Amino acid sequence: MGTVTSTKKGAIYSSDGGNQSVFTDSVAVTNADIDAADIVKLVRVAAGTDVHRVVTKTTELDSNGAPSLTAKIGFTPIDGSAAVSGADTAIKADGAWGQNAETLTYEIFPPYRVEVDSWLTIVFGTGAATEAATGTIYAKVEGEALGVQ
């Protein structure tokens, strides 16, 4: 599969929530060949955003046996520069993910500050054992857009 990048950009700003922002996007996993180190770039998040919630919704991406599909979820700078330590697992450390069609909500407390324009990324640690499935991943990032300070 390699790297799959979403093409949608932008944020939805709340008119009654101060700097409250919701970054939304989705990406289709284009084939069933999910391997270790494959990357899905889901949502562009602006620099200076304090992220307090991430929601992912997936179809079933791994329909059989061990080893189970694993992934970590975090942030990767869009410009290709090195991310700060821990950014790549800011939402979820590497672990089982995608075995079922499900919606997962990650509450981030204290909020995670995105320092530079970044992608919300899913990096697969282990590919599906025998039954990877073509599917779709949706994501939403909620936070407060404070700008670069």
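Predicted model: local features only at pLDDT ≥ 70, side-chain atom pairs only at ≥ 80, totals over all residues.
**Notebook: charged pairs and the core**

I started with R53, which is partly exposed, with a relative accessible area of 25%.

Next I looked for the partner of R53. Its side chain meets that of E107 in a salt bridge, at 2.8 Å from N to O. I then checked where the two sit: E107 is in strand β8 and R53 in strand β5, 54 residues apart, so I filed the pair as a link between distant parts of the chain. Is E107 buried or exposed? I found it exposed, at 52% relative accessible area; the cut-off for that label is over 50%.

I moved on to D88 and K72. Their side chains form a salt bridge too, 2.7 Å from N to O. D88 lies in the loop between β6 and β7 (92-96), while K72 belongs to strand β6; they are 16 residues apart, and the pair again links distant parts of the chain. I looked up the accessibility of both ends: D88 comes out at 31%, partly exposed, and K72 at 22%, partly exposed as well.

Then I went to D50 and R113. Here the side chains meet at 2.5 Å, N to O, in a salt bridge. D50 is in strand β5 and R113 in strand β8, 63 residues apart, so this is another link between distant parts of the chain. I wanted to know how covered the two residues are. D50 has 16% relative accessibility and counts as buried, because the label applies under 20%. R113, at 24%, counts as partly exposed.

For the tally, I noted 5 salt bridges in the structure.

Last entry, the nonpolar side. The largest nonpolar core has 28 residues, and I asked which of them touch the most other members. The answer is L42, W97, L120 and I122. I also listed the strands that each supply at least two residues of this core: β3 (20-29), β4 (39-45), β5 (49-58), β6 (70-77), β8 (102-114), β9 (118-126) and β10 (135-145).

Terms used:
Residues numbered from 1 in each chain as written. Heavy atoms only, no water. Core = buried A, V, L, I, M, F, W, Y, C linked by side-chain atoms within 4.5 Å. Buried < 20%, exposed > 50% of the residue type's maximum accessible area, 1.4 Å probe, protein only. Helix = DSSP H or I, 4+ residues; strand = E, 2+ residues; numbered from the N terminus. Salt bridge = Lys/Arg side-chain N within 4 Å of Asp/Glu carboxyl O.
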